[in-house]
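Biologist: Can we go through the charged pairs and the surface here?
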Amino acid sequence: MLKFKKLGLLILIASFVTVYSSEARKRPNTLTITGSTTVLPIAQRAAEEFMESRPKVNISVRGGGSGVGIAALIDGTCDISDASRPIKTKEITTCRSKGINPVGTVIAKDGIAIIVHPSNSVKELSLDQLKAIYAGEISKWSEVGGRTKPIVAISRDVASGTFEVFKKLVLKGDKTKADALMLASNKAVATAVVGAPDAIGYVGIGYLSSDVKSLVIEGVTPTNETVVSGEYKIARPLFMYTDGKPKGLAKEFIDFILSKEGQKIVENVGFVPIK
Amino acid sequence: MCYKMEKGGRMSKVFAGIVVNMLVVISAFGGQTQFYGENWFRYTQEMKEGETQESEFKVKRIYLRWKHIHTDKLESRISLEMFSSDKSKDKKGDPHGAGLKIKDGYVKFKGLIPEGDITVGLQKNYFGRVYDWEYWPIEKCIGEKYKVIPGSRDYGISVGGYIPQGYGTWRLEAVNGEGYKKVGDLINTELAYMADLRFIPIPGFTIGGSYVQENSGLEEYQKRQYYTGLTRFAKGPVDIWMQYLGGQKGDPDSPTSQMGYMIFPKFHLGTINLEILARYDYWDPDTDEKDDGKFLYLGGFNYYFSRREKGKPGVMLQTAFVREQPESSDSEPTDKIMLQLRWGWSTPKLGEI
């Protein structure tokens, strides 16, 4: 019995030594980033430029979704977790129970513009009208001051982060009407609206062009300035979460994204810079 | 609810068919459905006094789960449990070789209370570590192993949620008190009441406790009154749980007092996907009796061939050496070596981008 206890104690001590020596082997010049596919293009482009100026640094970036990123932060398999939504109480609880203190840094904002064909006479909608259009309660443009034509509602597919935001901020949890056209990308929505004079759609603010007309919502035009100031309501912050305040290479990388150069990348990939 | 094969293989097939069809129909009516599966393939060798007591491969468990998110505030879940068993027999007395149970089946109403839910149906037993035990050391947790709680699931209603800012969890529960496997002849007319609280004052440090009480006219369930206190320390690769369990059961006029404790450290070597585990238990089934206790020593490791993430499969090899040593010096220990290949998969949750 005594022998067994000694053996057990020896295994425990050996385990501690092995664990800590293995942890010490973690390379200081590597960074693993996992999470939101919405934030993915920002992280990818920023990583490319960051590594160009620091040849010894290796950054691995992958998507999977905000939930997957936060799960990776909890498991210790990533250094930065990208998220297109604030962390949930359930996730904070799991983090804290496992010794992780999740701290989020806002690196950009994502504004969603409501677009129609340039020939459409409607210039402005309220959030209630917009919700009624997508819920199927308003079906003709004449009900919101336009021509007597049926409204063709175009939405993003349910797997997209843009749809999640639209559902939360506009539909308030309600479902999109059954005959709404669900498309797989911002570009596809914009293209569909260009080709359909009676269509309405929504895209990330970076996808606005002269081919479509963006509507004023609740009296506010969607611009980078109104999104950052919070006046424009259909917008969300994009986060990078770390265990505690960012430090080391993670801090350098996040500081780079928040720099003038990094915020230019944010704008170039279709999001709203916060600085 | 428990339909074993002895109640008729046909019955089980019909029942499984109904469940599958029902879920397919539910999936077609909107919302989001997530499917999940897990399989435990185990080899056990048990030795006592130099004699082999058991040496066998078996499919210990297969779980199939359907989770359906109807709206942001309403979700439901059904899990089927399948297992190898030669205990159930057909009319000729031949073993069927398998069993089928409903592991859980409930509806969760969210948003009725802040950061919480009301759950109705066959659900987890929120006592000690019973509800969040993930079988990393293969063996059951102390509360379930020593039958303080009759099973990991039970029929009832619970209300609970999260303490704001991630400071912990709480739950109150009323259940039948007989566990999910019990649907037989003895119907307990008294409910069991449970309360559970976990508090996380600082990241990595958890303290908590649970309480369960039940009174019943049935001999089998006359009285149960148990409490447990637990502490967890987790930081980086280290995760250590400690749990104390005590209480009484039996005749209310002369109940049997019981106590026990468990220490369960786990070390994770993230760089090579390996976990090293150890566990030490003591359980005294009657504190008035001398030398009737039992020690459990466990050592082992888990190796992840691949980790399971949302929408991706995971495969893990678990190993454990277990010694159960009776407190009495007259009794010989029982040694067990267990090897388990455990694999699981799930479909992605839509909208989780």
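Modeller: A:K251 and A:D255 both sit in helix 9 (residues 248-258) of chain A, four residues apart, about one turn of the helix. Helices here are DSSP runs of H or I with at least four residues, strands are E runs of at least two, and both are numbered from the N terminus. This is a predicted model: local features need pLDDT of at least 70, side-chain atom pairs count only at pLDDT 80 or more, and totals for chains, interfaces and linings use all residues. Residues are numbered from 1 along each chain as its sequence is written, and side-chain values use heavy atoms, with hydrogens and water left out.

Biologist: What do the side chains of A:K251 and A:D255 meet in?

Modeller: A salt bridge, 2.9 Å from N to O. The term means a side-chain nitrogen of Lys or Arg within 4 Å of a carboxyl oxygen of Asp or Glu.

Biologist: Which pair links distant parts of the chain?

Modeller: B:R171 and B:D117 form a salt bridge at 2.9 Å, N to O. B:R171 is in strand 8 (residues 168-175) of chain B and B:D117 in strand 6 (residues 116-124), 54 residues apart.

Biologist: Is B:D117 buried or exposed?

Modeller: Buried, with a relative accessible area of 8%. Buried means under 20% relative accessible area, exposed over 50%, partly exposed in between (1.4 Å probe, protein chains only). B:R171 also counts as buried, at 8%.

Biologist: How many salt bridges over all chains?

Modeller: The structure holds 27.

Biologist: Switching to chain A, what share of the residues is buried?

Modeller: Buried residues are 48% of the 275 in chain A.

Notes. Chains are lettered from A and ligands numbered from 1 in the order in which they are written.
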